[in-house]
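Take a moment with the model below before reading on. The notes that follow walk through a few of its features.

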2 protein chains.
Amino acid sequence: MISIKDVSKQTGVSVRTLRYYDEIDLLSPAGKTDGGHRLYGETELKKLQQILFLKTLGFQLKEIKDILSDDGNWNWAKGLENQLKYIQQEKERMIKIEQTLKGLMNSLTIDGSIDLLYINQLIQLYQQNAEKREIYRHRYFDSQERELLHLLPNMNRDDPDSLEWISLIAQLKKHMGQGIKAPEVQRVVKRIDEKSIETFGYNDAFFEKFWAIRKSPEKSKEIGLYPIEQELLDFFEQAWEVYQNEQFDGEKEG
Amino acid sequence: MISIKDVSKQTGVSVRTLRYYDEIDLLSPAGKTDGGHRLYGETELKKLQQILFLKTLGFQLKEIKDILSDDGNWNWAKGLENQLKYIQQEKERMIKIEQTLKGLMNSLTIDGSIDLLYINQLIQLYQQNAEKREIYRHRYFDSQERELLHLLPNMNRDDPDSLEWISLIAQLKKHMGQGIKAPEVQRVVKRIDEKSIETFGYNDAFFEKFWAIRKSPEKSKEIGLYPIEQELLDFFEQAWEVYQNEQFDGEKEG
DNA sequence: CCTTGAAAGTGACGTAACGTTATTTTGTAT
DNA sequence: ATACAAAATAACGTTACGTCACTTTCAAGG
């Protein structure tokens with residue numbers, strides 16, 4: 001027979017918890033002293049271990065009470081299956097939340113801040129179900145081109161590839177004040193050019209279509225692209241032209 | 001200005017929820033009728049959308065209140081990072097629970113039922129940390145052999161391979177009453193033999209060591225093997241001898 | 001204008017699993 | 001006997017509403 005504190009020390013559960021378990025008749029002490037202090041035995045310790053184990057599986061105390069009730073009528077097969085279903089649902093929910101959070105953090109990197117208007121846009125992107133998005137994607141692109149779309153940076157992934165796109169866009173925005181000819185800007189544009197070719201190859205037809213959509217906020221939204229401000233897109237296009245011309249001049253000279 | 005019920009219909013949240021949000025000053029109606037009925041405008045609808053979005057990210061209402069408070073001092077970077085940490089922890093927890101549940105379901109398939117004594121064994125296996133297990137595995141096996149150990153059915157996986165092992169053990173147990181020579185038993189033993197060879201190859205030395213440990217409940221526990229009753233192990237060994245002899249006789253005759 | 005039924009309002013309690021006081025009793029060592 | 005630690009009980013707080021129970025307001029029809 002050991003005291004409530006010893007049980008607490010041995011198992012790590014709080015004294016309050018043990019009292020609570022007694023209160024709800026989940027785990028009653030083996031006996032009490034004359035003064036009313038709870039005393040626990042080996043049996044109770046084992047039962048407590050079982051309770052704790054079942055708790056780690058996510059069962060509620062009520063269910064645990066049923067499971068451990070001595071009638072032994074608990075249907076393990078069904079019970080475990082139900083619990084598994086629930087846990088899997090929760091897992092999926094966590095995964096979705098994780099992706100969305102990462103997306104938000106990425107957009108934070110780009111914009112430097114998140115404003116609520118932007119969140120409203122995101123909500124719309126979010127609520128526009130994948131189905132509808134696919135319809136639009138089918139309208140604008142053929143199957144080969146749709147393959148290429150999957151290579152685009154996806155705000156809900158955090159693979160190194162997407163991250164580089166995002167940081168490039170962020171850098172572009174950061175240096176926007178310095179004009180299209182600034183070396184920092186041209187460096188970023190150069191990297192974007194290289195990365196585009198690495199990713200999509202020399203697929204001019206696709207590029208033109210894509211750029212047309214990218215430049216239209218409405219259409220971008222339709223196919224589920226991350227919203228980039230018109231201003232930044234225009235700036236990029238101009239900087240891009242400068243870059244192309246310099247490339248050309250370089251070739252003439254070299 | 002629209003009624004509380006219209007807001008409820010448009011957004012899917014309950015009337016009670018809207019009243020509650022009003023109560024905790026999270027979302028106040030734009031105004032009230034003379035009689036006290038709540039009236040909402042476009043602004044409130046948008047804010048509600050934001051609230052719902054943040055709620056899907058797992059934020060608590062209090063945090064959402066801070067986030068949406070008009071002072072705009074909320075630290076998005078830190079807040080999102082904290083939330084991401086929390087969500088990732090939860091995700092990991094769900095994954096662990098899922099694995100353990102699957103393990104339990106597998107053992108249910110083998111034993112036909114789960115008794116609490118068995119759970120106590122599992123608890124011990126569970127609490128015996130991976131570190132200690134590795135020490136024992138190092139004591140008994142060399143590095144090549146430890147590789148082979150990873151191929152053993154793992155109660156916390158549900159790949160088809162583990163599942164077949166488990167169903168084989170379950171079948172063996174089921175037919176145990178029919179004696180070692182029963183065709184059902186011999187069929188199972190044959191499949192176990194084939195599968196062992198498929199999995200581990202003809203690695204006699206490893207097999208002998210492994211079987212010696214497998215037959216000792218204590219040592220099995222040390223290296224973290226799923227506990228199988230002595231009786232079933234003995235039965236298998238005898239059935240196995242019968243199988244080997246029949247193989248040999250078959251070769252002589254054939 | 002009056003009635004009436006639907007919709008809205010305001011309490012207030014219940015939920016899960018304890019944490020956290022506050023106050024009183026019991027146990028034990030000196 | 002005293003003093004101090006440890007235990008006991010009681011009661012409120014937490015989260016985000018659901019669910020009564022009861023009252024008042026609104027809008028339409030007669």
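Asp25(B) counts as exposed, with 8 C-beta neighbours inside 10 Å. Here, a residue is buried if 20 or more other C-beta atoms lie within 10 Å of its own, exposed if 12 or fewer, and partly exposed in between, with C-beta atoms placed from the backbone. This is a predicted model, in which local features need pLDDT of at least 70 and side-chain atom pairs count only at pLDDT 80 or more, while totals for chains, interfaces and linings use all residues. Residues are numbered from 1 along each chain as its sequence is written, and chains are lettered from A and ligands numbered from 1 in the order in which they are written.

Back to Asp25(B): you'll find this residue in the loop between α2 and β2 of chain B. Its phi is positive, about 60 degrees, although Asp25(B) is not a glycine. Most residues other than glycine have a negative phi. In chain A, Asp25(A) also has a positive phi of about 60 degrees without being a glycine. Asp25(A) sits in the loop between α2 and β2 (31–32) of chain A and is exposed, with 8 other C-beta atoms within 10 Å. Helix and strand names follow DSSP runs, numbered from the N terminus: helices are H or I of at least four residues, strands are E of at least two.

Next, the sheet in chain B. Three strands make an open, antiparallel sheet in the order β1-β3-β2. β1 (2–3) and β2 (31–32) of chain B are at the edges with a single partner strand each, so one side of each has no neighbour in the sheet. β1(B) pairs with β3 (residues 38–40) of chain B over two bridges, in the antiparallel sense; two strands pair if DSSP finds at least two bridges between them. Ile2(B) has Tyr40(B) as its bridge partner in β3(B).

Now for the DNA. For the classes, Ala, Val, Leu, Ile, Met, Phe, Trp, Tyr, Cys and Pro count as nonpolar, Asp, Glu, Lys and Arg as charged, and the others, Gly among them, as polar.

Which element gives the largest share of the surface near DNA strand C? That's α2(A), with three residues. Near DNA strand D, α2(B) gives the most, also three residues.

Finally, how do the two chains meet? 30 residues of chain B are in contact with 31 residues of chain A, where contact puts C-beta atoms, placed from the backbone, within 7 Å. On chain B's side, α3 (42–56), α5 (76–111) and α6 (116–127) each give two or more residues, and α5(B) has the largest share, at 18 residues. By class, that side has 18 nonpolar, eight polar and four charged residues.

A rotation of 180 degrees with 0.0 Å of shift along its axis superposes chain B on chain A, with an RMSD of 0.1 Å. That is the relation of a two-fold axis. The superposition is by least squares on C-alpha atoms of residues with pLDDT of at least 70 in both copies. The same surface serves both copies, as 100% of the contact residues of chain B recur in chain A. Of chain B's residues, Lys91(B) comes closest to the rotation axis, at 2.7 Å (C-alpha).

Notes. Two residues are in contact if their C-beta atoms, placed from the backbone, lie within 7 Å.
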